[in-house]
Amino acid sequence: MKSQFPLMLAAASLCFTGVSHANSDPEPIEKSETLETLRLKRSENWGLAATIRSAGIPYANSGSDIVSSFVPMMFYEDEAFFIDGTEGGLRLWEEDEWRLNTILRMRFIDLPTAVQNDIGGDTGDFGFQLKRQLGDGWYADLDLLSDKSSRFHGIATLGKKLEGESYDLNATVSARYKDADFNSFYYGLSEYRNDGVKLGAGMDFKAGVKGRYHVYSNLYLVGAAYATYFDENVRNAPTISNDWHGEVYAGFGFFNDNRRHSEREISTRPYWRLAHGWATPSNIGDILAGDTEKDPFNNQLTSVFYGHPLSDELFGIPMDLYLTPGIVWHWNSEVQASSAEIVMAIKAFYTVDWPTKWRLGVAEGLSYVNNITYIEQTEMDEKGYEPSNLLNFIDLSLDVNLGDLFGKSEWNRAWLGYSIHHRSAIFEKASQFGRIKGGSNYNTIYLQIEF
């Protein structure tokens, strides 16, 4: 049941989406307008949240009743692309109250913690979603989805969105049809337990609510609760001990809600960043302390990141925020083959203007690599873990403005910097990352140019 959540599709799509938005102007341009005016962007709705998910374990003889996981989430939406917590997709077509999306959604398996690294704790479903707005906050969705092995399921959802002065709620009821292969694999455990069984198709029913509560400025509390009633074949399976399955999310997040804060022009510019880096077996704490060990095999990467402007402030503090998808290439060496990595993150920059203009940056997001790198595989082998292709991503950076540094105004949009390219699994707290500890680090240098 170990999965490789297919993040590449969503991240590559957003790279294209971000570039198209950065270089298009929806209205005719007057000749009198300055370049600076043309480069002004409007604030967009975005969010970054940290949640704890707790769920019941429905499997018989599991040895425990509850499993918990730390789940970081991103949120973003524009005319072509959306990210909503644990799912994202592209808008393919839209007319009046109808919309058709491609969709990629994380789905948790809820196995006991002790076996999640061996078997896996999540998977990714992908397919199509047809949406219809029904008026007065009501909507209906029809999802047709498959996992990577063509196990199909379809979900029909009726939802109602409620908005108050300080809260947003989204209540849903849904019916999910699962084919026989889906039920047998995920509930009959037909390939993973001696008492695994083949099951027929069936229909689950699910109801719940998710929402957020405004606390102060950009700070919100977020949460969700859902209950699922299994179909008859699953309820009667010897591998399942419960008729019902429950899950709850609770946490906090930072959001830019244009309904509350109003849409406005921002001065943050889009950028391209080109970086090259060298692997190190040192952990991130040692690197920050200046104690970096060199990788004896000199494994290296090259990356290109696009920065799509989101905001120029957080909690009223001047801070540039970006949605930043990236493509990373890990070069081959005597111990590894070349491989691709896709990143999706939200990054914040804080600027200090003394004695010259420089910035501190931090990004949080997701990273998917198609082949586990040597530096990462070595650490997993030492700790006895099965590696995970999908991991949490952090980028810590420090850069200086080249225009200020050399006294050349024409270089004011260029920054030279250092960053730590970090993949990790949040200290065994995240089932979607394979319940492991550790990851990989690269020291990189980069040139970032705004346009």
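## Glutamate 77 and its partner

Glutamate 77 is partly exposed in this predicted model, its relative accessible area being 41%. Its side chain meets that of arginine 91 in a salt bridge, with 2.2 Å from N to O.

## Other salt bridges

The structure holds 24 salt bridges. Side chains of opposite charge can pair when their charged atoms come close. One of these pairs joins the side chains of aspartate 143 and arginine 105, at 3.1 Å from N to O. Aspartate 143 belongs to strand S8 and arginine 105 to strand S6 (residues 98-108), so this pair ties together parts of the chain that are 38 residues apart in sequence. Both partners are buried: aspartate 143 has a relative accessible area of 2%, and arginine 105 has a relative accessibility of 15%.

A further salt bridge, at 3.4 Å from N to O, is formed by the side chains of lysine 206 and glutamate 247. Here too distant parts of the chain are linked, since lysine 206 is in strand S11 and glutamate 247 is in strand S13 (residues 244-256), 41 residues apart. Lysine 206 is partly exposed, with a relative accessible area of 30%, whereas glutamate 247 is buried, with a value of 9%. Both residues also belong to a network of salt bridges that links Arg53, Asp110, Lys206 and Glu247.

In soluble globular proteins, nonpolar side chains tend to be buried together. The largest nonpolar core of this model has 37 residues, and those with the most contacts inside it are Met74, Leu310, Leu321, Leu323, Ile346 and Phe433. Strand S3 (residues 66-77) gives the largest share of this core, namely five residues. Because domain 1 (44-255) and domain 2 (271-450) both contribute residues, the core lies between the two domains.

Another core, which has 15 residues, lies apart from the largest one, and Tyr59, Ile109, Tyr187 and Ala237 are among its members.

Valine 215, which is found in strand S11, is partly exposed, with a relative accessible area of 44%.

## A buried aspartate and a loop serine

Aspartate 399 is placed in strand S20 (residues 390-401) and counts as buried, at 2% relative accessibility. The side chain of aspartate 399 makes a polar contact, at 2.7 Å, with the side chain of tyrosine 446.

Serine 149 is found in the loop that runs between strand S8 (138-146) and strand S9 (152-163), and at 41% relative accessibility serine 149 counts as partly exposed. Although serine 149 and aspartate 125 are 24 residues apart in sequence, their C-alpha atoms are 9.9 Å apart in space.

## Backbone features in loops

The peptide bond that leads from tryptophan 354 to proline 355 is cis, with omega near -15 degrees. Proline 355 is in the loop between strand S18 (339-353) and strand S19 (357-369).

Leucine 189 has a positive phi, near 50 degrees, in a residue other than glycine. Leucine 189 lies in the loop between helix H4 (180-186) and S11, and is buried, with a relative accessible area of 4%. Phenylalanine 427, likewise not a glycine, has a positive phi of about 55 degrees. The loop that holds phenylalanine 427 runs between strand S21 (414-424) and strand S22 (439-450). Phenylalanine 427 counts as exposed, because its relative accessibility of 60% lies over the 50% limit for that class.

Technical notes:
Residues numbered from 1 in each chain as written. Predicted model: local features only at pLDDT ≥ 70, side-chain atom pairs only at ≥ 80, totals over all residues. Heavy atoms only, no water. Core = buried A, V, L, I, M, F, W, Y, C linked by side-chain atoms within 4.5 Å. Buried < 20%, exposed > 50% of the residue type's maximum accessible area, 1.4 Å probe, protein only. Helix = DSSP H or I, 4+ residues; strand = E, 2+ residues; numbered from the N terminus. Domains from an automatic or database assignment. Polar contact = N/O pair within 3.5 Å; in protein donor to acceptor, adjacent residues only side chain to side chain. Salt bridge = Lys/Arg side-chain N within 4 Å of Asp/Glu carboxyl O.
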